[in-house]
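Me: I am new to this structure. Please take one part and look at it closely, then show me what else is worth a glance.

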Amino acid sequence: MNTHHTPLHPCFDPAETSNELSRLLVSDPIVDADLDRRIARLRQRFRTYCDIYPFGIWDSGLVVTRKMRALTDLLLPLAEILPAFCRLVRLTLRFPPLLEATPLTTACSWLDLLERLDVSAAGMNPARLLEQLAGDGARRTSFVFSLFIPRHYGGGFDRYPNQTAFLKRWIRQRGTPEGGIFSVLDAACGCGEGTYALARLLLGVGIAPDRFRVLGSSLEEIELFAARHAFFPHDQQRGEGLRGFAAPLLAAGAATSIGFVREDIREATGGSWDVILCNGILGGPFIHDRQTLERTIARLAARLAPGGLIVAADRFHEGWKRRIPDAMLEEMLRGAGLTVLTVGEGVAGVRP
């Protein structure tokens with residue numbers, strides 16, 4: 001687990017991944033008296049629910065009505081379910097988890113939460129599901145990763161093709177600093193697809209691995225682990241895709257040119273970056289109030305090398321983007337002393 005500012009490099013070796021995973025979470029059965037009491041209470045609740053609830057068992061794809069939601073929360077209160085699952089997660093992880101980023105803090109009923117959890121209809125019974133997860137380390141690992149990295153969550157490469165084309169032109173024009181290293185920060189990197197894509201981009205424009213440095217940063221430990229090890233126990237296809245995409249990079253000797261580090265971009269300082277990529281975060285659900293946005297953009301701008309570039313785009317949070325349009329972000333880039341550029345996708349600003 002990386003809790004410091006020393007970058008950790010990609011490692012896809014299964015034995016090393018397993019060893020590092022044991023430092024991240026507990027794989028043995030969870031035995032906890034408080035959790036057992038919560039499960040017993042939920043078992044009673046679920047029996048009553050099954051006796052009274054008139055709409056039938058939940059299954060994936062169910063269209064939840066207001067009446068179904070209200071009756072479920074009356075008989076099977078989310079206020080009792082969530083603390084039990086949160087306790088299980090905290091007992092599993094060897095670090096304080098950021099549960100605010102998971103469905104455990106955003107669902108409005110057990111039915112809505114089920115739709116976002118990686119479970120089948122058999123998981124409808126929260127007591128039974130908790131018992132199974134507590135006793136089965138492998139299943140619990142997969143469940144925990146699905147909480148922090150849902151299947152629908154921002155996977156894939158080259159999500160912003162116009163931005164990528166702009167970056168290629170800009171990097172070719174700027175070139176590698178004479179005798180120096182071209183440095184790129186993927187701020188709020190998620191699970192690392194964008195970080196590896198940046199390294200591929202640099203190789204593609206002719207910059208050798210020993211002449212560039214690409215750093216992915218995130219506040220979330222599970223994301224960093226998945227990025228570094230291409231480890232997605234709940235989504236094997238995604239892990240295979242990431243390993244396949246990164247393979248040419250590792251073969252070219254770029255493993256030590258790519259790193260991952262834990263940091264909060266709202267507070268982080270330091271570095272002299274030629275490019276800072278900040279996709280999917282500015283103006284979204286986690287950084288959206290004006291004061292925090294302005295402070296975050298100012299801190300990012302201060303980390304640029306002279307002539308350095310910030311680029312940011314977001315295609316996942318359309319509702320939030322109506323509240324925080326690109327024009328507002330461009331205004332904040334100017335307020336941080338940057339010259340705004342037309343990027344074709346999202347926003348961009350360069351340090352004079």
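Reply: Start with A165. At 32% relative accessibility, A165 counts as partly exposed, because that value falls between the 20% limit for buried and the 50% limit for exposed. Keep in mind that this is a predicted model. A165 sits in helix 8, which covers residues 161-174. A165 and G344 are 179 residues apart along the chain. In space, their C-alpha atoms are 9.2 Å apart.

Next, the aromatic rings. How many aromatic pairs does a search of the whole structure find? The search finds ten. One of them joins F12 and Y196. Their ring centres are 6.4 Å apart, and the planes make an angle of 50°. That pair counts as tilted. Where do the two residues lie? F12 is in the segment before helix 1 (14-24), and Y196 is in helix 9 (residues 193-204). The pair therefore ties together parts that are 184 residues apart in sequence. Y196 has 0% relative accessibility, so Y196 counts as buried.

Y49 and Y53 make another aromatic pair. This one is stacked, with 4.5 Å from centre to centre and 20° between the planes. Are these two residues buried or exposed? Y49 is buried, at 2% relative accessibility. Y53 is buried as well, at 10%. Both values are under the 20% limit. Y49 and Y53 also belong to a cluster.

R200 lies over the face of F245. The distance from the ring centre is 4.2 Å.

Last, turn to D32. D32 lies in the loop between helix 1 and helix 2 (33-52). At 13% relative accessibility, D32 counts as buried. What does its side chain meet? It makes a polar contact with the side chain of R87, at 2.7 Å. A polar atom of the D32 side chain also lies 3.4 Å from the backbone nitrogen of D34. Set aside the neighbours within four places in sequence, and D32 is in contact with R87 and L91.

Methods. Residues numbered from 1 in each chain as written. Predicted model: local features only at pLDDT ≥ 70, side-chain atom pairs only at ≥ 80, totals over all residues. Heavy atoms only, no water. Phe/Tyr/Trp six-rings, centres within 6.5 Å; stacked < 30°, edge-to-face > 60°. Helix = DSSP H or I, 4+ residues; strand = E, 2+ residues; numbered from the N terminus. Buried < 20%, exposed > 50% of the residue type's maximum accessible area, 1.4 Å probe, protein only. Lys NZ or Arg CZ within 6 Å of the ring centre and 35° of its normal. Polar contact = N/O pair within 3.5 Å; in protein donor to acceptor, adjacent residues only side chain to side chain. Contact = heavy atoms within 4.5 Å.
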